[in-house]
Amino acid sequence: MSARSLVFVAVLSAFFMMHAVVSNAQDCVGECQWDPCHWQQRLNGTCAHPLYDDPNTYFEEEAKRRFDDMRTRETSCSARRNGIHGKPSSYKILYGQPGLLCVTPTSYPFFGPTPAIEFYYADGSRCHLSYMSIDPVCDLTPLSTKLLLSPLEGDPESDQILTSIEPSKTTNTLLVKVINKKTREIIPNVDIKLELDVTKDSGGHIHAVHNPIVTTNTKGKLQSPNSQTTPDEAIFGTLEGNTGDQGLQFTYEAPKPAGDIVITGSCTSQYCKQIGPNTLWVGIKGLRKAQPSTSPLYPYDVLPCGSAKHTECTYLTGKANSLLARLAGKFPGASPGIRLRIGDASLERAGLFDIGGGWTIPASHHYAQHHQGKAVDIYVSPILHLDPTDIDYMMPFLAIATNLGMSVRPLRLAPAELEDQKFQPIYFHVYIWRVS
Amino acid sequence: MKITYLQLVIAILLATFSHPTTSADPDPGTLMGTMLQPGAAEEGIVYDPASGNYTVTYKVPDGLYQVVYYPRTKIAPTVETTYGPWGYGRDHVYSYRVTNGAKAQQPLTNIRVLVNKVYGSVKPPGWNGDIAPGFKNPNPTQNSDVYMAGWYSFKGIAPGDTVAGFGFESRDLPGVGTIEILGLGPITVYAEGGPGGAVRKELNKLSRNDFVPYLAPVPLIYNFIGSYFTTNGAAGTLTSLQDHFQQLLNMELIEPVFAERLTKTLSAAIDALKLSDRQSARSHLEDFRVMIDEAQHAESKATLEAPINKVAARVLRYDGNYVERKL
């Protein structure tokens with residue numbers, strides 16, 4: 001083949017290649033073309049464009065236009081080509097080192113910070129479209145990369161609940177690992193971050209979740225011997241570390257208040273998406289609400305919650321509840337005409353009973369003992385205002401409660417709180433201390 | 001000595017206007033405590049050996065309070081126990097006769113004890129009884145809940161008096177339990193919230209242990225020997241007796257070395273029963289009985305200290321004998 005023939009073939013090939021590129025660009029308009037002018041137009045000076053006057057403004061407008069355009073399509077062309085599904089959820093313009101801005105070497109030289117757009121997808125993938133590129137380069141993350149929390153031994157309690165734990169206690173060892181969901185294989189050495197958050201209105205507390213004035217830890221604490229998190233950070237409910245070969249082991253120390261605590265896990269060194277149970281159920285299991293007795297022989301009432309900051313306040317363990325019913329049932333027989341009223345016991349999952357809703361309770365307050373479903377305040381009626389010097393009505397109550405393994409402490413309101421100094425309301429703080 | 005007229009008049013006036021007070025009838029004001037000036041006293045609980053009472057000083061938001069806590073242990077109880085297989089279906093009947101000694105300062109008002117399942121509680125006239133389920137088993141080797149059986153009276157047993165007729169029936173055999181006996185004095189009333197922090201913890205501990213413990217035979221040994229005798233049932237009963245040894249060790253009622261000897265003998269009897277070898281089991285149980293008798297005999301020589309408490313020896317001997325007779 002002669003040299004002329006070779007040149008012809010080369011020109012023909014270039015033509016077809018260019019045709020292919022243009023066709024592709026037409027298929028994905030706005031995504032693959034940065035330079036608004038065709039190189040031939042630039043060569044003959046027939047194309048003027050803001051790019052050449054104010055490139056930064058143009059890049060920003062262009063990036064937004066491309067992003068909006070990609071959002072309007074079902075799936076962007078480049079993403080589809082790269083195996084990414086869905087639409088970009090955000091974008092960012094990145095400016096690199098100054099360099100040649102023009103697409104073809106035949107355009108007149110124009111130097112400036114080289115721009116690029118990064119499109120971010122919900123699955124964690126990102127596509128990088130540099131000024132010099134026609135197609136974006138995509139950093140693909142397999143959709144099957146998942147972050148999974150589980151107990152080290154045994155199964156999670158449910159699809160939602162990772163494990164349950166009583167207030168102020170520490171869980172058995174838990175595990176966070178990054179896996180390929182399809183193969184179930186562990187992906188090693190991934191940097192992860194776990195963050196705790198309190199679910200609002202859980203655990204019977206219907207007041208503000210956070211109180212900046214009170215230093216009570218309401219989230220609990222994540223701990224791991226392999227963590228990079230300092231103790232101070234741990235108090236605020238975060239844990240960072242590397243999953244190593246088999247995942248990162250950690251424990252959770254529950255706070256004093258009960259409630260649902262959600263662990264949000266993320267990978268900091270690569271993309272991953274959290275799946276599986278993520279909630280720590282903090283509270284005491286098996287509590288039952290005290291029910292009023294309508295028995296004609298042994299009637300007793302249950303008073304409404306003494307705190308507007310909480311949903312229900314009369315929860316007790318099953319055994320404590322049955323003993324309470326037994327106590328109440330015995331009492332009318334012992335003191336005819338006198339009826340018991342059940343006051344505040346514990347919240348629906350027990351834990352800290354911050355009567356004022358401030359996530360704290362003074363140590364001196366007897367509500368500090370209402371945290372296990374074993375303590376209850378009992379009013380002796382028909383009249384709340386009883387003469388405390390008349391111990392006759394107290395004796396039967398004390399004798400019956402004593403025989404049921406209860407610790408009884410008669411309490412009265414402080415004189416300063418009383419409108420009528422003559423009558424001082426007495427009620428009984430009863431702690432059922434022998435119940436398992 | 002000559003009494004002047006003036007002295008006589010003063011004596012009559014004093015006798016007329018003075019109001020007799022006793023420790024059981026204090027000024028109502030003291031029941032509710034008194035409010036102190038800030039800093040007048042330190043928070044805490046102080047025992048007064050002269051009165052046997054505790055002075056509780058505590059802070060609440062309202063101020064500093066001081067109140068007297070009257071312990072419920074100012075009684076002098078003794079308990080006589082009778083038990084045997086005289087009940088319905090040859091179940092065991094347990095009877096208790098309780099005395100409040102003459103030196104007691106309070107009426108004895110409460111008797112309570114943790115037991116295995118019991119029924120048919122009987123009570124003396126004027127007393128109330130209760131059997132409540134769902135309590136923690138005091139035996140660390142047992143997971144099952146136990147019952148709290150007890151009796152109470154608002155009048156109680158006066159100092160120097162004895163009341164019989166407390167009792168119940170149970171299928172189970174006797175072990176050594178702690179009967180908790182309480183008197184009742186003035187009831188302390190606390191200002192809102194009552195003591196907090198360290199004072200509350202100390203007061204909780206004080207009130208939880210505010211009883212006189214009395215060791216007595218109570219149904220604690222699960223009995224698996226029913227109407228139809230089986231060697232497996234007998235082995236189960238002996239295993240339950242063997243489990244009771246840990247409780248006896250915790251209560252320091254038996255020396256560890258002697259306990260080990262007895263449990264080994266019981267193990268041999270259990271193994272024999274599992275092989276349906278009644279003869280051999282009977283022989284081991286005889287050894288078990290003799291060892292206990294010899295230990296009791298050692299005490300009578302006054303040269304050696306018995307390695308086992310008398311109540312413990314009595315119930316162990318009874319239980320071993322009960323199974324031996326069934327073989």
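Buried here means under 20% relative accessible area, exposed over 50%, and partly exposed in between, with a 1.4 Å probe and protein chains only. This is a predicted model, in which local features need pLDDT of at least 70 and side-chain atom pairs count only at pLDDT 80 or more, whereas totals for chains, interfaces and linings use all residues. Residues are numbered from 1 along each chain as its sequence is written, and side-chain values use heavy atoms, with hydrogens and water left out.

**View 1. Lys319(A) and Asp145(B) form a salt bridge, with 2.4 Å between the closest N and O atoms.** The pair joins two chains, because Lys319(A) lies in helix H6 (residues 318-334) of chain A and Asp145(B) in the loop between strand S9 (128-135) and strand S10 (146-157) of chain B. Helices (H or I, at least four residues) and strands (E, at least two) are DSSP runs, numbered from the N terminus. Lys319(A) is partly exposed at 26% relative accessible area, and Asp145(B) is partly exposed at 32%.

**View 2. Arg341(A) and Asp301(A) meet through their side chains in a salt bridge of 3.6 Å, N to O.** Distant parts of the chain are linked here, since Arg341(A) belongs to strand S19 (residues 339-342) and Asp301(A) to strand S17 (residues 300-302), 40 residues apart. Arg341(A) is partly exposed at 28% relative accessibility, as is Asp301(A) at 23%.

**View 3. Glu324(B) and Arg289(B) form a salt bridge, the closest N and O atoms lying 3.1 Å apart.** Glu324(B) sits in helix H7 (residues 310-326) of chain B and Arg289(B) in helix H6 (residues 278-300) of chain B, so the pair ties together parts 35 residues apart in sequence. Both residues, Glu324(B) and Arg289(B), are buried.

A salt bridge in these views is a side-chain nitrogen of Lys or Arg within 4 Å of a carboxyl oxygen of Asp or Glu, and by this rule the count over all chains is 14.

Note on methods:
Chains are lettered from A and ligands numbered from 1 in the order in which they are written.
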